[in-house]
Amino acid sequence: MWDSPFLKEYGIPQRLLELGREVDRRTAPLVAGQEALKAHNQLKVLKALQDVGLGEHHFAGTTGYGYGDSGRETLERAYAAVFGTEAALVRPQIASGTHAISSCLYGVLRPGDRLVAATGKPYDTLLGVIGAGENSPDSPGSLRDLGVDYLEVPLAADGKVDRERLLEALDPPTRMVAFQRSRGYSWRPSLSVEELGDLIRLVKARRPEIVCFVDNCYGEFVELSEPTQVGADLAAGSLIKNPGGGLAPMGGYVAGKRNLVEQAANRLLAPGIGSRVGATLDLLRPLFQGLFLAPHVVGEALAGAIFAAGFFSALGFEVSPGVDERRVDIIQAIRFGAPEPLIAFCRGLQGGAVVDAHAVPYPAPMPGYADEVIMAGSGFVQGASIELSADAPIRPPYIGYLQGGLAREQVKVGILLAAARLSNEGLI
Ligand SMILES: *Cc1c(COP(=O)(O)O)cnc(C)c1O
């Protein structure tokens, strides 16, 4: 791409283009190292779709109640195969990752039960769900409001799960232990599937009846297996992140043990009706096609993230994961240390967006978040973060979280433009 006449049209300073070419050359072996993993996941999905007997008639979709929707049932069987679970719930009616996760929490937990968060403070939007937010400790309808007890096990100093304190938290009435695979808006390392498997074994050895739940957002198809294949009873995520492959226009999924998935469905829909209703309209084709493309698209996002890590660390910024660190999700965090460079980064990155490239992102209050949040990078699906995007709560130490990109070249252009903006504003 470095000799493309179109790249020259962006007016990026020559020294940044030269640095980009150099970073690209240096990181090529790391990107090549991801190929085997991508192939593994691509074949896994291909095989799953073939094994469930996907046919043209599965794209028809239903209206109204959505009774007898064979396309929906086939899609859910394909997800169950991919995640190695007994069952899955894959629905456009799930509005977001938060909604998928909260269906699991409300579906499984009962008054008097305790929920334990094993990976420190959960993702911002879940604090209101749990009733653990500083601003909304007793938000009406939160788990706490309904009588579910909550205990957070803070991460150890190295950012890993504190095994001792986790073990101490397992006595009754603990009913569920929730793990967050991806870092969320924090500097901690994301959890690998291998580490998750270890931790789940630790919990199960002490109390096998505890439900191990994983917030799987941003982790799908980044490793060889999924948390549900190393012992997690239930996992959930968003279709406008990894598993929708950039084509799913909305939706979320839940995968796990059949009885637990059905409990989440009872909460999402209604007890007694459960997973048997829910029209799919014209959405089945993009949901199937998105699942099929997901490993490829995740590969593009990872190639972009590796470039971003290389480029911004070459500019002197601290990045996590480091350039050659093993990747277990698609997030690339960059620490800016002050609000100005963080905001300039997001504004520059917006120039790489395929939709609304000329928009100027501003920090703003967002539903579910305590701090103002800046969000850059618009795509074909509103808020889809499998598309090139960067976001950050405006709070110290001012970390920008970059993720997604349906094509690696687009991520590179976005990163170069972000650096160009920092340079124009005299911040690098
Ligand atoms: C994105 C995300 C969620 C849920 O996000 P939505 O914006 O509601 O889809 C939950 N947990 C983590 C770790 C996430 O990255």
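**Helix pairs and a ligand site**

Axes here are lines fitted to C-alpha atoms over the stretch in contact, with angles from 0 to 180 degrees between N-to-C directions. Helices are DSSP runs of H or I, at least four residues, numbered from the N terminus. On the helix 11 side, the contact (heavy atoms within 4.5 Å) includes P341, F345 and R347, while helix 12 brings in, among them, I415, L417 and R421.

Bear in mind that this is a predicted model, where local features need pLDDT of at least 70 and side-chain atom pairs 80 or more, while totals for chains, interfaces and linings use all residues. Residues are numbered from 1 along each chain as its sequence is written, and side-chain values use heavy atoms, leaving out hydrogens and water.

Now look at helix 4 (residues 70-83) and helix 10 (residues 284-314), packed at about 15 degrees with axes 10 Å apart. That angle makes helix 4 roughly parallel to helix 10. Helix 4 reaches the contact with residues including L75 and Y79, and helix 10 with L284, L287, F288 and L291.

Finally, the ligand. A polar side-chain atom of T98 sits 2.5 Å from a ligand oxygen atom, and one of K241 lies 3.1 Å from an oxygen atom of the ligand. D215 has a side-chain N or O atom 2.5 Å from a ligand nitrogen atom.

Key: Helices (H or I, at least four residues) and strands (E, at least two) are DSSP runs, numbered from the N terminus. Angles under 35 degrees count as roughly parallel, over 145 as roughly antiparallel, 65 to 115 as roughly perpendicular and the rest as oblique. A polar contact is a pair of N or O atoms within 3.5 Å; within protein, one must be able to donate a hydrogen and the other to accept it, and residues adjacent in sequence count only if both atoms are side-chain atoms.
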